[in-house]
Amino acid sequence: MWKTISAAGLICVCLTTDAQAQDVMPVMEASETASTTRTGIAFPAAIFAGAEFADWHSTYLARARGLGVEQNPVMAVGPGGQAAIKIATTVSVVYLLDRLSARRPMLAKTLLWTASAVTVSVAARNYRIASQP
């Protein structure tokens, strides 16, 4: 019985004054809020970095076996240049989305998961091409 909240009790809690609410719930500083929300993108960022590595590795395998041609003119360089471009773009995307997560954490996570899904599908296609006899 004591675990349930009645509608009247809920209304009483909601009608507290601003001063009472500040006594009950401390106000978080902006730096505390930003650090709390930014840590939420660490896992999606790691998945995105892994997807980017898989894309680079699958492209490298396909090109090393002579089974594919790079369609992106920016990436039509050697393996070292491709790795440098992939690292630079991955770090840039994660950095920008980390900054975005301070204001819009759900949007930042959604963009990271979407970019990861697209990159994984590209890597899967590249691995399929690289595994051809």
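Which residue forms a salt bridge with Asp55, and how far apart are the closest N and O atoms? Lys86 does, with those atoms 2.5 Å apart. The views below come from a predicted model, in which local features need pLDDT of at least 70, side-chain atom pairs count only at pLDDT 80 or more, and totals for chains, interfaces and linings use all residues. Residues are numbered from 1 along each chain as its sequence is written, and side-chain values use heavy atoms, with hydrogens and water left out.

**View 1. Salt bridges of Lys86.** A salt bridge is a side-chain nitrogen of Lys or Arg within 4 Å of a carboxyl oxygen of Asp or Glu, and by this rule the count comes to two. In one of them, the side chains of Glu52 and Lys86 meet at 3.0 Å, N to O. This pair links distant parts of the chain, Glu52 lying in helix H4 and Lys86 in helix H5, 34 residues apart. Lys86 also forms a salt bridge with Asp55; here Lys86 in helix H5 and Asp55 in helix H4 are 31 residues apart. Lys86 is buried, with a relative accessible area of 14%, and Asp55 is buried at 9% (buried: under 20% relative accessible area, 1.4 Å probe, protein chains only). Shared partners join Glu52, Asp55 and Lys86 into one network.

View 2. Helix H4 spans residues 42–64 (helices are DSSP runs of H or I, at least four residues, numbered from the N terminus). Its 23 residues reach 33 Å from the first C-alpha to the last, close to the 33 Å expected at 1.5 Å a residue (expected span: 1.5 Å times one less than the number of residues). Just after H4, Gly66 takes a positive phi of about 70°.

**View 3. Packing of helices H5 and H6.** The axes of H5 (residues 79–101) and H6 (residues 105–130) come within 7 Å and cross at roughly 155° (axes are lines fitted to C-alpha atoms over the stretch in contact, with angles from 0 to 180 degrees between N-to-C directions). The two helices are therefore roughly antiparallel to each other (angles over 145 degrees). Leu97, Leu100 and Ser101 in H5 meet Pro105, Leu107, Ala108, Leu111 and Leu112 in H6 (contact: heavy atoms within 4.5 Å). By class, this contact has seven nonpolar, one polar and no charged residues.

How values were computed
Angles under 35 degrees count as roughly parallel, over 145 as roughly antiparallel, 65 to 115 as roughly perpendicular and the rest as oblique. Ala, Val, Leu, Ile, Met, Phe, Trp, Tyr, Cys and Pro count as nonpolar, Asp, Glu, Lys and Arg as charged, and the others, Gly among them, as polar. Buried means under 20% relative accessible area, exposed over 50%, partly exposed in between (1.4 Å probe, protein chains only).
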